[in-house]
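Here are some notes to read alongside the structure. Have a look at it first, then take the points in order.

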Amino acid sequence: MPIPFTEEAVHYVADRVRQVQEALDRRLALENVSYYAPLGGDLDEATFIRAVLEEADCDLLLDVNNIVVNSINHRYDPVAFLGALPLERTRYIHLAGHEEEAEDLRVDTHGRPVGAPAWDLLAKAYARLGPVPTLLERDFNFPPLEELLQEIDRIRTLQEEARPVSGNAVEEHSVRQAAYG
Ligand SMILES: [Fe+2]
């Protein structure tokens, strides 16, 4: 569920993340979520995410489609938002398609092909980060396998353009996201 972008919430969430990291003895990667009902707060979203990750000293799971969806629903510049995130903490990337309910309303369904703005943002992320391991999320409205493999190939091409790929950097399956996707 969305969290108010406040200093108090930063400390609350970061404290919880630190507890889990200590219990598991490993780092967590937190995902930038899509949300539809802003809960307010005195911080902007990118500042909030940066503050949580720095205070908890954890990593980032970068979902480029969530940035696209939020940038339309909450009216901000997706490229500027990407640049404001602590990208140096990125360990993994999510890519997906979404539903266009209206010109100013997108829903993060994982049920459509990846859209042009998400491809563009993915290329920009690779240009900054190199070929970070990437998951193509597709949860329903499954097309013929060939169409999914074309999207996988496009991910690989963008990764190769960013930097030579070493090993298998693409996972060819979709996972159900427990809460946020
Ligand atoms: Fe995701």
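1. Let's begin in a loop. Gly-115 sits between β5 and α5, in a model that is predicted. Buried or exposed, or something in between, for Gly-115? It counts as partly exposed, because 17 other C-beta atoms lie within 10 Å, and a residue needs 20 or more to be called buried.

2. Stay with that glycine for a moment. Gly-97 is 18 residues away from Gly-115 in sequence, yet their C-alpha atoms are 5.9 Å apart in space. If you set aside neighbours within four places in sequence, Gly-115 has contacts with Val-68, Gly-97 and His-98.

3. Val-68 leads us to α3, where it is one of the buried residues.

4. What do the buried residues of α3 pack against? Their partners are β2, α4 (78-84), β3, β5 (105-107) and α5. After α3 comes Arg-75, and its phi is positive, near 60 degrees.

5. Val-64 deserves a point of its own. Not counting residues up to four places away in sequence, it touches Ile-93, Leu-95, Ala-118, Leu-121, Leu-122 and Ala-125. Val-64 also belongs to the largest nonpolar core, which has 30 residues. Together with Val-52, Leu-95, Ala-118, Leu-121, Leu-122 and Ala-125, it is among those that touch the most other members.

6. Which elements supply that core? At least two residues each come from α2, β2 (59-63), α3 (64-73), β3 (90-96), α5 and β6 (134-137). The largest share is from α2, with six residues.

7. On to α2 and its partner α1. Helix α1 covers residues 7-24 and helix α2 covers residues 45-56; their axes come within 8 Å and cross at roughly 40 degrees. The two helices are therefore oblique to each other, and α1 passes α2 in a right-handed crossing.

8. Who meets whom at that crossing? From α1 come Val-10, His-11, Val-13, Ala-14, Val-17 and Arg-18, and from α2 come Phe-48, Ala-51, Val-52, Glu-55 and Ala-56. By class, this contact has eight nonpolar residues, one polar and two charged. Look for Val-52 again here: it is on the α2 side of this contact, and it is also one of the core residues that touch the most other members.

9. An α-helix has 3.6 residues a turn, so residues three or four places apart point the same way.

10. There is another helix pair to check, α5 (residues 116-129) with α6 (residues 145-162). They pack at an angle of about 35 degrees, and their axes are 9 Å apart. This crossing is right-handed. The contact is made by Leu-122, Ala-123, Tyr-126 and Ala-127 of α5 with Leu-158, Gln-159 and Ala-162 of α6. It divides into six nonpolar residues, one polar and no charged.

11. Finally, zoom in on Tyr-126, which is in helix α5. It counts as buried because it has 20 C-beta neighbours inside 10 Å. Leaving aside neighbours within four places in sequence, Tyr-126 is in contact with Pro-131, Leu-158, Gln-159 and Ala-162. Ile-93 is 33 residues from Tyr-126 in sequence, with 9.7 Å between their C-alpha atoms.

Notes:
Residues numbered from 1 in each chain as written. Predicted model: local features only at pLDDT ≥ 70, side-chain atom pairs only at ≥ 80, totals over all residues. Axes fitted to C-alpha atoms, helices over the stretch in contact; angles between N-to-C directions. Helix = DSSP H or I, 4+ residues; strand = E, 2+ residues; numbered from the N terminus. Parallel < 35°, antiparallel > 145°, perpendicular 65-115°, else oblique. Left-handed = near helix turned anticlockwise from the far one by under 90°. Contact = placed C-beta atoms within 7 Å. Nonpolar A, V, L, I, M, F, W, Y, C, P; charged D, E, K, R; others polar. Core = buried A, V, L, I, M, F, W, Y, C linked by C-beta atoms within 7 Å. Buried ≥ 20, exposed ≤ 12 C-beta atoms within 10 Å, placed from the backbone.
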